[in-house]
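Please consult the sequence and the structure shown here while reading.

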Amino acid sequence: MKYISTRDKNIGFTSSQAIAKGISSEGGLFVPETIPTLSLEKISSLISLDYISRAKEILKLYLTDFTEEQLNYCVENAYKKGKFSSEKIAPTVNVYGNVNLLELWRGPTCAFKDMALQLLPYLLTVSAQKSCPDKEIVILVATSGDTGKAALEGFKDVPHTKILVFYPVDGVSPMQKLQMTTQEGENVSVCAIKGNFDDAQNGVKTIFTNKKIEEKFKENSLAFSSANSINWGRLVPQIVYYVSAYCDLVEQGSIKLGEKMNVTVPTGNFGNILAAYYAKEMGVPINKLICASNANNVLTDFINTGVYDKNRKFYMTASPSMDILISSNLERLLFLLSGMDDEIIRDLMNKLSTDGKYQVSDSVLSYLQKDFAAGCCDDEATKKTIKEIYEKYNYLCDTHTAVAVNVANSYIEKTGDKTPMVIASTANPYKFSKSVLSAVKDSITSTDEFSMVDELNEFTRVPVPEQLVSLKNKTPRFNNVTSKEDMPQVVMDMLGI
């Protein structure tokens, strides 16, 4: 399978080359030239398989230059026994009515990013052996919270790699920050930036396309790649769990093979919901994709109007992983909806860069609204939803999942659509203990992060993941803070060049 760039479709790479590079040299994102198909017969054959076997069957359709042995090595190591707290890896749990939560936070860092970032290091090392065997890979990551820790954990002490994570100094939860700054490993580094996630993301993209830095890397036998969802190797594992969720619903008797499901995703950078779109385009019977946003509702406005405008107030919310105004993966969707017209994408991305806004054509908007719906809710509604779901159904969810539940319920009420719903549950509630505790309990006695964890546990009796408990006595290793302008120098200093 050939991978092309959203900004220059004449560029063509194998899957391993696309994964090793991370982003195209002109700033475009790699996409498969064609989307493979899944027949109902093929989906039926996946139902009796475990998650690892389902993953192999889906991934081999996209990673066509990986041998069977290489793919088995990657998948089996990523999802091997003991790494995830559920044998099903990503279980689909019925919570009420025909609403199901797809629990994507069962991995080592308690966030959905583990689903991809436990696999990506294996995909990347195999890819690097194929495409740039004599180079050390430097992984740059911008994070709004969960990606950073998941990437650090995934790439910790992986041979021939170094990883540097940038996060907004005031834009992550205390637990997320502690997870990153205490990270172990000889090849890892973490740095806060003065700014928000968009500043970090733009800084990383700028470094990727800086010709002087590229030359310096060549001189030192180094090569950039990314663990953000701009890397196709991050996105393709996410397609798997939507296919798997459909199989689970059929297996559980919630739907019959061929009947449709809806999917709601709490959305920031648009990668998670884009993976669901790819699953739909492959042939998974998905009716509607519902994009759920917090107060930073740039995507809600875009899907409803066709105008993308980041020139608006930025909110720091109780769901910080969604505090994003530039959703990078939307570029991939627009490329597909515009008939893979790279000229259109170049024009739209130039307008976003210069004016901070763009408007898509009527035809693209029509295609968009055929598959997508959108909604948003603020922190007050988020906390109210956490309380309602806990009190009515004895299910404790985090702030991001609560945004999705709120928007899904609003969609159902507004449309009357009774199609079975799968909601992506993206983090363990203890990663956001203060917000979750204040949602379910009227008065809080705790004053610090870990006493809040204890108080939430005492009040709800929901078990605390051991990997979060173990952070309590760890001393931070990384305390650096830099400006977005100095990010390139931080990279050079880390590498000693």
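Two residues are in contact when heavy atoms lie within 4.5 Å. Leaving aside neighbours within four places in sequence, Ile239 is in contact with Ile58, Tyr62, Trp232, Ala275, Tyr278, Ala279 and Met282. The model is a predicted one.

Ile239 belongs to the largest nonpolar core, which has 114 residues. Together with Tyr79, Tyr242, Leu334 and Tyr358, Ile239 touches the most other members of this core. The greatest contribution to the core comes from helix H11 (residues 232-252), with 13 residues. Apart from this core lies another, of 41 residues, among them Ala373, Tyr411, Met421 and Leu456. In soluble globular proteins, nonpolar side chains tend to be buried together.

The protein as a whole contains 22 helices and 16 strands. Because a compact globule with 497 residues would have a radius of gyration near 23 Å, the 21 Å of the protein agrees with such a form. Of the contacts with a separation of 6 or more, 75% join residues 24 or more positions apart.

Further values for the whole protein are tabulated below.

| Property | Value |
|---|---|
| Box filled by the C-alpha atoms, along the principal axes | roughly 60 × 50 × 50 Å |
| Buried residues | 61% of the 497 residues |

As to charge, the protein carries 53 positive and 59 negative side chains. The centres of these two sets lie 0 Å apart.

Methods: Residues numbered from 1 in each chain as written. Predicted model: local features only at pLDDT ≥ 70, side-chain atom pairs only at ≥ 80, totals over all residues. Heavy atoms only, no water. Helix = DSSP H or I, 4+ residues; strand = E, 2+ residues; numbered from the N terminus. Rg over C-alpha atoms; globule rule 2.2 N^0.38 Å. Buried < 20%, exposed > 50% of the residue type's maximum accessible area, 1.4 Å probe, protein only. Lys, Arg positive; Asp, Glu negative; His and termini not counted. Charge placed at Lys NZ, Arg CZ, Asp CG, Glu CD. Core = buried A, V, L, I, M, F, W, Y, C linked by side-chain atoms within 4.5 Å.
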